[in-house]
Amino acid sequence: MNIETRKLTLEDYDDLKESMLQAYDTLGGQIWSKSTIAKLLKLFPEGQLCIAVDDKVVACSLSIIVDYDEYGDKHTYQNITGNYGFSTHDANGDVLYGIEIFVHPEYRGLRLGRRLYEARKELCETLNLKSIIAGGRIPGYHEYADKLSPRQYIDKVKAKEIYDPTLTFQISNDFHVRKVLKNYLPGDHESKEFATLIEWNNIYYQGIDASARSAKTIRLGLVQWQMRLFPDIEAFYEQVEFFVDAVSGYKSDFIMFPEFFNTPLLQPYNHLPEMEAMRKLAEQTEEIVHKIQSFAVSYNVNIISGSMPILENNKLYNATYLCHRTGKTEEFRKIHITPNEQKYYGMVGGDKIQVFDTDCGKIGILICYDVEFPELSRIYADQGMQILFVPFLTDTQNGYTRVRHCAQARAIENECYVAIAGCVGNLPKVNNMDIQFAQSAVFTPSDFAFPTNAVKAETTPNTEMMLVVDVDLHLLDELHHFGTVKILKDRRKDLYEVRLLK
């Protein structure tokens with residue numbers, strides 16, 4: 001057996017006619033005339049698809065493009081097809097409208113209908129159309145019409161309490177019902193002349209700019225920072241700029257430095273108690289952020305500035321800064337302070353949780369320990385986060401393991417990418433910062449479109465280096481709508497919820 005999905009041609013009409021007669025015998029033998037098929041092929045040849053089995057056409061789908069706003073949801077089949085003359089076809093429209101789909105009854109066990117739907121979806125994406133819309137029959141409805149309204153019948157089909165040969169199939173192919181249409185197709189006695197207005201949304205639709213799809217591949221640069229002493233702050237800036245320059249050379253959209261990557265600058269204050277030394281370091285944060293922001297603009301890259309101490313109203317916070325390449329700067333303060341930070345530095349946690357809008361989509365930022373609390377990233381996911389950045393600092397391997405595995409869990413449960421970057425090496429002349437352990441990485445969800453171990457890329461442990469990684473935001477869209485599991489959609493919100501209290 002040879003099965004081929006291809007464009008319909010006029011030479012296929014005899015096979016097409018035979019298949020139509022067999023498929024639609026319950027509609028009184030109504031079939032498309034050869035002249036009508038010829039007109040459709042002339043108007044919109046790409047939209048007329050068929051499946052041939054051993055060179056015989058046994059399944060077909062016919063479509064036109066419409067400017068849907070002109071017709072709205074209350075149209076009839078006659079209205080949307082221009083009284084069957086297809087004057088409604090508009091090559092500049094925004095919706096692929098399905099006017100026919102059928103499979104010869106003898107070939108229905110081969111899942112040919114699914115192939116036609118997939119071909120239609122591919123066409124919709126290729127033509128950059130907003131959606132596929134069609135009026136769908138509900139041929140099983142006549143058996144329940146005396147006790148169920150059309151809406152009740154549809155709800156039971158959705159719940160799999162009733163099987164409808166058409167609607168069940170459409171739902172299984174990711175179509176949803178927009179509304180019930182009355183008197184849509186006169187003569188459809190099985191459906192009692194009701195129909196479902198079904199829709200499949202093209203998640204890649206980019207308005208008038210179809211080329212924008214390529215813009216959803218985002219390049220991340222992670223710095224695995226070697227802790228080293230600097231003779232002065234200018235030497236520190238030189239090292240920062242070195243990495244920004246290198247990552248920018250690879251045309252990265254983001255670069256991230258680790259948590260407390262500026263603590264080598266504590267060395268001049270090593271004679272002071274740790275709390276006082278960290279407050280002295282906080283006096284330099286404003287200048288450092290200003291410098292990093294200038295790098296973001298001059299090197300055209302968004303920078304997550306690791307994290308640094310800041311002092312406000314005599315309270316010490318652990319903060320990171322998102323330095324946009326447009327010149328804007330935004331701040332995130334670590335929410336959960338570790339026992340070490342509280343004991344040695346007297347730090348307190350921030351209280352603002354929000355995603356950040358960037359020129360590459362919505363991102364979230366959590367600092368180290370924060371990623372071990374799943375509520376935060378779930379709130380971000382509900383706000384549309386696509387990439388979560390986590391600068392971290394861990395001294396031991398077990399501390400790193402907590403950060404790594406929690407970050408991986410956040411990627412899977414929130415259907416997003418998670419990037420982590422940490423410090424390596426030793427600082428023998430800085431109290432409480434003597435050893436570091438890190439392996440920076442980018443984690444992904446776990447499904448067929450992603451690596452089998454859900455790790456996009458990772459560095460060599462405990463070695464200064466940078467990691468440059470491409471992530472595809474379209475894969476997140478596909479996962480969210482068509483994944484093997486749909487974690488965000490399948491939550492039992494009737495039983496539990498995660499929400500901000502302020």
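This is a predicted model: local features need pLDDT of at least 70, side-chain atom pairs count only at pLDDT 80 or more; totals for chains, interfaces and linings use all residues.
With a relative accessibility of 73%, lysine 160 counts as exposed.

## Division into domains

The chain is divided into domain 1, covering residues 3–201, and domain 2, covering residues 217–482. Taken over C-alpha atoms, the centres of domain 1 and domain 2 are separated by 51 Å.

S1 and strand S2 (residues 49–53) run antiparallel and are joined by 5 bridges. Within this pairing, glutamate 4 has alanine 52 in S2 as its bridge partner. Glu4 also belongs to a network of salt bridges that links it with Arg6 and Asp12.

Arginine 114 is part of helix H4. With a relative accessible area of 29%, arginine 114 is partly exposed. Leaving aside residues up to four places away in sequence, arginine 114 touches Phe169, Ser172 and Asn173. Arginine 114 and histidine 104 are 10 residues apart in sequence, and their C-alpha atoms are 14 Å apart in space.

Serine 61 belongs to strand S3. This serine 61 is buried, with a relative accessible area of 0%. Residues up to four places away in sequence again being left aside, the contacts of serine 61 include Gly47, Gln48, Leu49, Glu100, Ile101, Leu116 and Arg120.

## The buried face of helix H5

Which residues of helix H5 (residues 150–158) are buried? They are Pro150, Tyr153, Ile154 and Val157. Seen down the axis of H5, these buried residues fall within an arc of 100°, so they line one face of the helix. They pack against helix H6 (167–172), strand S6 (176–182) and strand S7 (194–201).

## The sheet of six strands

A further open sheet has 6 strands in the order S14-S15-S16-S17-S20-S21, also with mixed pairing. Strand S14 (356–358) and strand S21 (455–458) stand at its edges, each with a single partner strand, so one side of each is left without a neighbour in the sheet. Neighbouring strands of this sheet are turned by 20° against each other on average, direction ignored.

Strand S17 (residues 417–421) and strand S20 (residues 441–443) run antiparallel and are joined by 3 bridges. Here alanine 419 stands opposite valine 442 in S20. Helix H12 (residues 397–414) lies across strand S16 (387–391), S17, S20 and S21, and runs at about 160° to S17.

## Salt bridges

The structure holds 29 salt bridges. In one of them, the side chains of glutamate 18 and lysine 56 meet at 3.3 Å, N to O. This pair links distant parts of the chain, 38 residues apart: glutamate 18 is in helix H1 (residues 13–23) and lysine 56 in strand S3. Glutamate 18 is partly exposed at 37%, and lysine 56 is partly exposed at 24%.

Aspartate 94 forms a salt bridge with lysine 130, their closest N and O atoms being 3.6 Å apart. The two lie 36 residues apart, aspartate 94 in the loop between helix H3 (77–80) and S4, and lysine 130 in the loop between H4 and S5. Aspartate 94 counts as buried at 13% relative accessibility, whereas lysine 130 counts as partly exposed at 37%. Arginine 137 forms a salt bridge with aspartate 188, with the closest N and O atoms 3.0 Å apart. Arginine 137 lies in the loop between S5 and H5 and aspartate 188 in the loop between S6 and S7, so the pair ties together parts that are 51 residues apart in sequence. Arginine 137 is buried at 15%, and aspartate 188 counts as buried at 1%.

Note on methods
Residues are numbered from 1 along each chain as its sequence is written. Side-chain values use heavy atoms; hydrogens and water are left out. Buried means under 20% relative accessible area, exposed over 50%, partly exposed in between (1.4 Å probe, protein chains only). Helices (H or I, at least four residues) and strands (E, at least two) are DSSP runs, numbered from the N terminus. The arc is that of the directions from the helix axis to the C-beta atoms. Contact means heavy atoms within 4.5 Å. Two strands pair if DSSP finds at least two bridges between them. Domain bounds come from an automatic or database domain assignment. Axes are lines fitted to C-alpha atoms, for helices over the stretch in contact, and angles run from 0 to 180 degrees between N-to-C directions. A salt bridge is a side-chain nitrogen of Lys or Arg within 4 Å of a carboxyl oxygen of Asp or Glu.
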